[in-house]
Amino acid sequence: MRKLVQFELWKNCNNCCEFCFNNGFLRNNDEDKKHKIKSVLSFLDSDKMADYNAVGLIGGEIFDRNLYNEDVLEYILTLSDKLAEMLEAQQIKQVWLATGLMFDSFAVIDSVLNKFDSRGLVKNILICTSYDTRGRFTGNKENIWRNNVRLLHKRYPKMPIHVETIVTQDFVEKVLNKSFNVDEFCNELDVHIDFLEPNCGFHYPNKYEHLKFLPWFYPKRESFLKFLQECHRSSSIINKDFLSSHTRSYTLYMDDGKGYSKFTNRAQKDTSLPCDIANQNGYADSEIEMRKDVELFLEMIGNE
Ligand SMILES: C[S@@+](CC[C@H](N)C(=O)[O-])C[C@H]1O[C@@H](n2cnc3c(N)ncnc32)[C@H](O)[C@@H]1O
Ligand code: SF4
């Protein structure tokens, strides 16, 4: 069984997706970044690693401008070497690297991936990126993202790419009116897709306050129920994993606005973020949990 420990290195990101729960957080400077990487290295050398067999790094954005400082890049390369050694020694089985993939220059991500590729280990890397039908890509960024996915496949054919998409009202409507087709998208880009519930993160007291700024973000229940039926009819995405929390890391170390904290056993929780703010995720117009509706739907179609 995969037991993944995931480290948020920093929240810094230049992409400014409209919905991002990291927007507005204080940014880490280069010294903070080095400190964070050092603490991950110490964790990897400690007895605490005995509980895990996979390691994930997440931002913000790990790559892009965040590694333009040569010292910080050197630290990440040291961390990459360490992870490659752990893979080789079979201390861990997989490394997850999260990235928005919206950068023009491939040099930074290449220098990290080469550390694994040169030892024949890219098959053990999982690139975790994201695609959203609204709020993510401005200007030419969707093209840049698609080209980067293709380029990764070309340079590292054995490395799997995983995409996360937020089930927003906009996404639900685009699937229903057939302007977005999940299966075609996955086939075209050769990616596996997984889905997230929208949530208000740490900035808003609840989803209703968040909704005032992003009326297209949280799905209406009626639309979502139609979406489940449509997807069941036309694709294979509605299965036991749909909106399930067991695809999350077991333990996540991240800044929750009060400091760097540990959130553990996340698979037992029905939330994609480890905070306890009321109404943090789900429907725009109902307190019923989206995942509960998915479970009832799966039961109804005999696919539990
Ligand atoms: C914070 S990002 C970090 C990785 C990378 N920058 C990316 O965008 O893939 C991790 C995931 O959180 C998701 N996310 C950000 N804000 C969200 C929100 N308000 N509700 C649900 N998911 C959100 C993103 O879409 C992404 O899939
Ligand atoms: S790319 Fe990721 S971290 Fe950056 S703003 Fe978008 S969701 Fe947030």
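Author: **Helix α8 and its setting**

Helix α8, which runs over residues 221–234, has 14 residues and reaches 20 Å from its first C-alpha to its last, close to the 20 Å expected at 1.5 Å a residue; the expected span is 1.5 Å times one less than the number of residues, and helices (H or I, at least four residues) and strands (E, at least two) are DSSP runs numbered from the N terminus. This is a predicted model, in which local features need pLDDT of at least 70 and side-chain atom pairs count only at pLDDT 80 or more, while totals for chains, interfaces and linings use all residues. Residues are numbered from 1 along each chain as its sequence is written, and chains are lettered from A and ligands numbered from 1 in the order in which they are written.

Within α8, Phe224, Phe227 and Leu228 are buried. Seen down the axis of α8, its buried residues fall within an arc of 105 degrees, so they line one face of the helix; the arc is that of the directions from the helix axis to the C-beta atoms. An α-helix has 3.6 residues a turn, so residues three or four places apart point the same way. On the other side of α8, Glu222 and Arg233 are exposed. Here a residue is buried if 20 or more other C-beta atoms lie within 10 Å of its own, exposed if 12 or fewer, and partly exposed in between, with C-beta atoms placed from the backbone. The cover over the buried residues of α8 includes α5 (169–176) and α9 (290–300).

As for the whole, the protein contains 9 helices and 8 strands, and buried residues make up 36% of its 304 residues. With 304 residues, a compact globule would have a radius of gyration near 19 Å, and the protein agrees, with 19 Å; this radius is taken over C-alpha atoms, and the globule rule is 2.2 Å times the number of residues to the power 0.38. Along its principal axes, the C-alpha trace spans about 50 × 40 × 40 Å. Among contacts between residues at least 6 apart in sequence, 79% join residues at least 24 apart, a contact being two residues whose C-beta atoms, placed from the backbone, lie within 7 Å.
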